[in-house]
Amino acid sequence: MNYIATTAADPATGAIADICGRAKRNEIAIAPRPSASPAGPLATNAVIETILSRSAAKYYDSTATLSDDQIRDLVRIGTSAPTSFHLQNWRFIAVRSSEAKARLRPIAWNQPAITEGAVTFIIVGQLADASTVPERLAPVVEAGIMPAHLVPEWEGPARGLYDNHPQRQRDEAVRSATFGAAAIIYAARSLGLGSTPMIGFDAEAVHREFSLAEDEIPVMLLTVGPERPGNWPQKPRLPVADVLHFA
């Protein structure tokens, strides 16, 4: 299901509620979810173990490389993450040449991972632009997933949410880019690769040095590559009882 964020005061709320209501009446097809066990904890599996064993890498094998196809696969997996109204408002710059790494490291707090990791992705979020909805949904219609007459019914609520709301446009850019980065992080872990998400960089310098467009935001840097010994395991988290409240 597409990710939709709204508030009760939004003029688009009624249209979104209508879409959701029609989905519940099966006028819009939604894939069934697997049923959960009525009692007891979830059983573990390879996906869960991958998530629970992930940690931010500090030490990389600086002699290792990733091929173009491996980098493309990581980004392909990243783009499977959810975006509001299927906007797909992101871009991924793979910094992996020695020259590009040398340009990035000084404006990324001189962090060694930039030059030692196989690749550092500049995770770019694009300001949410509702006018792109028809273009983004065209392949969905062509694939027979969505009837064409619903496209305007998605574009209208999207315009209500984002047109003339610059903060929401920026918030959505950060959300989408973060979802995409998270997918790459866990995909990398499942393939035996380390990763390091970083917010320590000069955003204006990265924007300028790597020729980002006016509507683009460098949300984070994400280094990926084979690790060398010395990295810590995942650090303990706050107890679930401290962060979970039932309503």
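**Exercise 1. State what share of the residues in the protein is buried.**

Solution. Start with the term: a residue is buried under 20% relative accessible area, exposed over 50%, and partly exposed in between (1.4 Å probe, protein chains only). Of the 247 residues in the protein, 38% are buried. The model is predicted, so local features need pLDDT of at least 70 and side-chain atom pairs count only at pLDDT 80 or more, while totals for chains, interfaces and linings use all residues. Residues are numbered from 1 along each chain as its sequence is written, and side-chain values use heavy atoms, with hydrogens and water left out.

**Exercise 2. Give the number of helices and strands, and their order.**

Solution. Helices (H or I, at least four residues) and strands (E, at least two) are DSSP runs, numbered from the N terminus. The protein has 10 helices and 4 strands. Read from the N terminus, the order is α-α-α-β-α-α-β-α-α-α-β-α-β-α.

**Exercise 3. Describe the largest nonpolar core and the elements that build it.**

Solution. A nonpolar core is a set of buried Ala, Val, Leu, Ile, Met, Phe, Trp, Tyr and Cys residues joined through side-chain atoms within 4.5 Å. The largest one holds 25 residues, and those touching the most other members are Leu-66, Leu-74, Phe-121, Ile-123, Leu-222 and Val-224. Next, assign the elements: two or more residues each come from α3 (68-78), β1 (90-95), β2 (119-126), α8 (166-190) and β4 (216-225). The largest share, 8 residues, is from α8. Finally, another core of 19 residues lies apart from this one; among its members are Ala-108, Phe-201, Ala-205 and Phe-210.

**Exercise 4. Find which residues Val-224 contacts, leaving aside neighbours within four places in sequence.**

Solution. Contact means heavy atoms within 4.5 Å. The partners of Val-224 include Tyr-60, Leu-66, Leu-74, Phe-121, Ile-184 and Leu-193. For the whole protein, take contacts between residues at least 6 apart in sequence: 81% of them join residues at least 24 apart.

**Exercise 5. Locate His-86 and Asn-164, and classify each as buried, partly exposed or exposed.**

Solution. His-86 sits in the loop between α3 and β1. Its phi is near 60°, a positive value in a residue other than glycine. His-86 counts as partly exposed because its relative accessibility is 28%.

Asn-164 sits in the loop between α7 (151-162) and α8. The phi of Asn-164 is near 65°, also positive in a residue other than glycine. Asn-164 counts as exposed because its relative accessibility is 74%.
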